[in-house]
Amino acid sequence: MTPAGELLAEEIRRGGPVPFRRFMQVALYHPEHGYYRRRRDPFGKAGDFFTAEQIQPVFGVLMAARIRRLYREMGEPSGFTVVELGAGRREMAEAFAEWNYVPVDIDSGELPPAFAGVVFSNEFFDALPVDAAIYQGGGFRERRVAFDGARFRWETGGPVPPGVDAFLRRYFLPPEEERLYEAGLESLAWIERAARSLREGYMLTIDYGYTRAESLRFPSGTLMGYRRHTALDDVLEDPGARDITAHVNFTALEEAGAAHGLRKESFETLAQTLLAAGEPDQFAAALGSADPQENLRRRMQLKTLLFGMGETFRVLLQRRTGPPGRPSTHL
Ligand SMILES: C[S@@+](CC[C@H](N)C(=O)[O-])C[C@H]1O[C@@H](n2cnc3c(N)ncnc32)[C@H](O)[C@@H]1O
């Protein structure tokens with residue numbers, strides 16, 4: 001049993017099955033034993049997954065080109081700041097060095113108050129703990145995590161809390177019996193926080209996920225575990241030793257953003273964003289290197305980004321319009 005598993009098992013022995021959100025919170029973010037808090041580095045070849053951000057310098061050069069365009073459109077305001085949510089290993093630091101770059105992660109960095117610039121994130125929202133639910137007997141019921149002495153297992157609990165119910169009714173198609181769902185309430189809280197601190201500028205969110213209409217494709221929900229580059233369906237095994245993700249509900253980000261003064265500018269694939277960013281100079285800045293070996297390496301990087309990740313990942317661009325919204329009654 002993993003140390004995070006021991007803690008969860010003990011909590012369940014004392015208080016009964018826990019909401020999945022609690023399980024995910026401990027598994028990923030327990031200060032000592034959580035997956036993202038342990039000493040072992042989960043990123044890269046020897047780790048469990050690659051992200052687009054690790055494909056440097058090509059990803060960095062192209063995203064910086066995209067942000068430079070936004071900077072110009074805003075009239076090049078002084079103090080232009082790029083805040084990165086879930087900055088991880090700070091892979092973007094070099095690419096964003098021409099601006100004030102503020103990396104925010106679980107125990108470092110903070111959203112600055114009233115800034116002009118961009119709130120950037122890559123695979124941040126998919127890592128936030130979610131509530132899990134099943135629609136049964138005409139209502140949403142909580143999917144909780146029980147422990148049978150040896151293994152963690154799913155258990156259906158009572159009705160979901162009102163906030164979860166509101167999320168599932170608002171951002172999904174009308175519910176169907178026996179279908180599984182996830183509700184990302186924390187993502188709404190982050191959208192609200194970001195909207196509040198962005199005085200002027202954009203929110204640029206890269207992740208994989210679905211819209212309300214596309215949610216049809218996921219009757220079994222979207223929870224996934226990752227270990228050593230293999231996707232695993234059983235997210236309850238080895239808490240703390242594997243990553244857990246939930247696809248992002250982009251309709252929720254879009255509509256919660258709109259309620260707080262962030263209007264959708266575009267929603268496209270990562271490939272579309274990268275192609276548009278590289279087009280003006282025919283990818284010269286991204287690929288340019290006198291060294292043929294390095295040039296070849298960068299071409300491979302561009303290929304991986306466009307064809308390996310480009311269609312799976314989406315980019316939501318939202319723009320702050322008008323003053324920050326009033327305190328939320330959204331959920
Ligand atoms: C999948 S990683 C992505 C890291 C990086 N953006 C990349 O693409 O390589 C998700 C990151 O979000 C961070 N994160 C999760 N919850 C957070 C929170 N509440 N506040 C700040 N960062 C958080 C994690 O610590 C982790 O570094």
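A: We begin with contact, which means heavy atoms within 4.5 Å. This is a predicted model, in which local features need pLDDT of at least 70 and side-chain atom pairs count only at pLDDT 80 or more, while totals for chains, interfaces and linings use all residues. Residues are numbered from 1 along each chain as its sequence is written, and side-chain values use heavy atoms, with hydrogens and water left out.

Q: Which residues does Ile67 touch?
A: Leaving aside residues up to four places away in sequence, Ile67 touches Phe80, Val82, Phe96, Trp99, Val118, Phe120 and Leu204.

Q: How many residues does the largest nonpolar core have?
A: In soluble globular proteins, nonpolar side chains tend to be buried together. A nonpolar core is a set of buried (under 20% relative accessible area, 1.4 Å probe, protein chains only) Ala, Val, Leu, Ile, Met, Phe, Trp, Tyr and Cys residues joined through side-chain atoms within 4.5 Å. The largest one here has 42 residues, and Ile67, Phe59 and Met63 are among those with the most contacts inside it. Helix 3 gives the largest share of this core, 8 residues, where helices are DSSP runs (H or I, at least four residues) numbered from the N terminus. A second, separate core of 37 residues includes Tyr135, Val160, Phe218 and Ala252.

Q: At what angle do the axes of helix 3 and helix 9 cross?
A: Two packed helices are described by the angle between their axes and the distance between the axes. With axes as lines fitted to C-alpha atoms over the stretch in contact, and angles running from 0 to 180 degrees between N-to-C directions, helix 3 (residues 58–73) and helix 9 (residues 292–309) come within 9 Å and cross at roughly 65°. That makes helix 3 roughly perpendicular (65 to 115 degrees) to helix 9. Val58, Phe59 and Leu62 of helix 3 make the contact with Arg298, Gln301, Leu302 and Leu305 of helix 9.

Definitions and conventions: Helix = DSSP H or I, 4+ residues; strand = E, 2+ residues; numbered from the N terminus. Parallel < 35°, antiparallel > 145°, perpendicular 65-115°, else oblique. Buried < 20%, exposed > 50% of the residue type's maximum accessible area, 1.4 Å probe, protein only.
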